[in-house]
Amino acid sequence: MNNRVFLTTHAIIFTGFALALFFAPHIVWPLYGVELNDQYAYFLSQHNSIFLGGIGAITWLLKDIEEGKIAKKLFIALFITNILGAVITLYAALTGVFVGFGWSDPAFFALLSVLSYFQFAKQ
């Protein structure tokens, strides 16, 4: 897949999750088996949107990046980000924090890790 398609897709996914966790955490988190039981949990969900939205913005704004040294650094950074997501969400799933739809997160982050690595390797 070319850089533009990969980065556009990555941006849409992360921005979509940022918007969902900001505007509808009371709908999203129960799908993962997570209960929002107070205003602090609700705020932490919205706070998490800062980082997801930021990654979405970065990947969207760099979607026209050409192959080279900077592109390699971007893709290795996305690889690291997605590996962290895979490890943390797998831990949540294995310890019972995430149930139900929560098992999709480790798979999702693992897939994005693999795709990020392949984009890195192509540069």
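Leaving aside residues up to four places away in sequence, D105 touches Y32, T89 and F98; contact means heavy atoms within 4.5 Å. This is a predicted model, in which local features need pLDDT of at least 70 and side-chain atom pairs count only at pLDDT 80 or more, while totals for chains, interfaces and linings use all residues. Residues are numbered from 1 along each chain as its sequence is written, and side-chain values use heavy atoms, without hydrogens and water.

D105 is in helix 5, residues 104-122. Helices (H or I, at least four residues) are DSSP runs, numbered from the N terminus. The buried residues here are D105, P106, F108, F109, L112, S113, S116 and Q119. They lie on the same side of helix 5, because their arc around the axis is only 155°, taken from the directions from the helix axis to the C-beta atoms. They pack against helix 1 and helix 4.

Buried means under 20% relative accessible area, exposed over 50%, partly exposed in between (1.4 Å probe, protein chains only). D105 is buried but has no salt bridge. That term needs a side-chain nitrogen of Lys or Arg within 4 Å of a carboxyl oxygen of Asp or Glu. K63, the nearest side chain of opposite charge, is 25 Å away.

The count is 1 salt bridge. D64 pairs with R4, with the closest N and O atoms 2.2 Å apart.

Methods: Helices (H or I, at least four residues) and strands (E, at least two) are DSSP runs, numbered from the N terminus. Lys and Arg count as positive and Asp and Glu as negative; His and the chain ends are not counted.
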